[in-house]
Amino acid sequence: MNIARRPKLHVEVRKFRSSQWSTHSIAEAVQRHLEGLRTITTGGLLTDLPPDLSTHVEGIRVCEVEGHPEKKHVEPSTVQHQYHVYTLETFGPSTEELGPGGATGEGDSSSIPAATHWVLPAVEFEGLWEALVYDSMIKEQLMKFVEASLVFSDRGTDRVVVPWNKVVLLHGPPGTGKTSLCKALAQKLSVRLDPRYKYAQLVEINSHSLFSKWFSESGKLVQRMFSKIVELAEDPMALVVVLIDEVESLARARQSSLSGADPSDAVRVVNAVLTQIDYINSFPNVVIFTTSNISGTLDLAFVDRADIKEYIGVPSRAAIYMIYWSCVLELQRTGIVESSETLFSFRDLETMNMIVNEATKLSMKLLEIAEKSEGLSGRTLRKLPFLAYAIHSPCPALHLPLPQYLHALQAAVDKHHRDLSTLGATK
């Protein structure tokens, strides 16, 4: 097969900051290493590297085959390798502060923390994309959405004829991973679009601060916040990702706002948000991600501007199983749980028609625990594997046998349900 026609295998290579090798040299060395393998398993992180690579590369993540996300094992000669070489930023986020009348400056008692700002890819978000599990193909859809936006911009598509706003709205109950997905996508874009942009920035707007501190100042604060985003976007070599978490604070339906304590200010805020989104849409290097826990209160004009409006609900049994499965694999990797016994993925269990035998009994036990966990949020599900080890293991120690750990995980789930019933809370 002509190499240009082979499907692309995306390979992300995390380079040591101290390495003096060029991106091209690292890609060539990784290519030689992968070509020496009989098969490549996608979705995994390669850390056992030859000496010539280990001093320059922290890890190699073999990602998906483009157009074939279900493909888990590939022969190196059947794919076109697409390398993404990057280094992680480690200096953490900074805070953008605003004050009334245009005042700015960290430490000013009259200023507010209007936004948190990261340079990407950041160490805080490394591996987050791979850790997130959803029932739908939302991750793949969002990646394709951003890529399509760039294609339309590059081709000079007339926005009047074919409009697109580069705005995503994720809505659903708390704890389902909406904000995490936005941050993970920003991180992934900073790696995948590295040849196009020299650097990427994530600006998380503090909706509550912009709306609540000063009477009748909120609309002006929104304008000033977006003015700073425009300053970042004016560098065409920068990818700017804007995250507005709990966007209902800034884009509440104007009709319902008229009954509030300061209806005119609430309306001004919504008008300012809509105006700024329309203006910033002219920059091809800016995308806007928003989340909402109570989407029914959002202004319809804002909802209409969102190209994608995706509901993120609580995980299904299959997704819960995969969340637990990934947690157990991580505990086995770190030696907290013994790795002598294997858990199958949910897809493997489906292939085997959920047959219970000696090889699958522990996996089926985990599936039983997943069924008991239905209705819990993703945030809760991620906490339970730790609580199982910390509280419900008979004697927390390294190399805990897998059957014993699964018993502890079931106890943690049962206790969580009892605690919720005692509190009179819902799942």
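Thr95 has Thr116 of strand S8 as its bridge partner. The model is a predicted one, in which local features need pLDDT of at least 70 and side-chain atom pairs count only at pLDDT 80 or more, while totals for chains, interfaces and linings use all residues. Residues are numbered from 1 along each chain as its sequence is written, and side-chain values use heavy atoms, with hydrogens and water left out.

Strand S7 (residues 94–98) and strand S8 (residues 112–120) pair in the antiparallel sense over five bridges; two strands pair if DSSP finds at least two bridges between them. Strands (E, at least two residues) and helices (H or I, at least four) are DSSP runs numbered from the N terminus. S8 is also joined to strand S10 (residues 199–205), antiparallel, by six bridges. In this pairing, Val119 has Gln201 of S10 as its bridge partner.

Helix H14 (residues 378–392) packs against helix H15 (residues 402–423) at an angle of about 115°, with the axes 8 Å apart. Axes are lines fitted to C-alpha atoms, for helices over the stretch in contact, and angles run from 0 to 180 degrees between N-to-C directions. Residues making the contact (heavy atoms within 4.5 Å) include Leu384, Pro385 and Tyr389 of H14 and Leu409, Val413 and His416 of H15. By class, this contact has 10 nonpolar, three polar and one charged residues. Ala, Val, Leu, Ile, Met, Phe, Trp, Tyr, Cys and Pro count as nonpolar, Asp, Glu, Lys and Arg as charged, and the others, Gly among them, as polar.

A volume is the space filled by probe spheres set on the points, which are joined across faces, edges and corners.

The second largest pocket has a volume of about 550 Å³. Of its 29 lining residues, Tyr134, Gly175, Thr176, Gly177 and Lys178 lie nearest the centre. The lining divides into 12 nonpolar, 10 polar and seven charged residues.

The largest cavity has a volume of about 80 Å³. Its lining comprises 13 residues, with Glu126, Gly127, Glu130, Gln187 and Lys188 nearest the centre. H3 and H5 are the elements that give two or more residues to this lining, and H5 gives the most, with four.

Technical notes
On a 1 Å grid over the protein atoms alone, a cavity is a set of points where a 1.4 Å probe fits but cannot get out, and a pocket is an open set with protein on both sides within 12 Å along at least five of seven lines; lining residues have an atom within 4 Å of a point.
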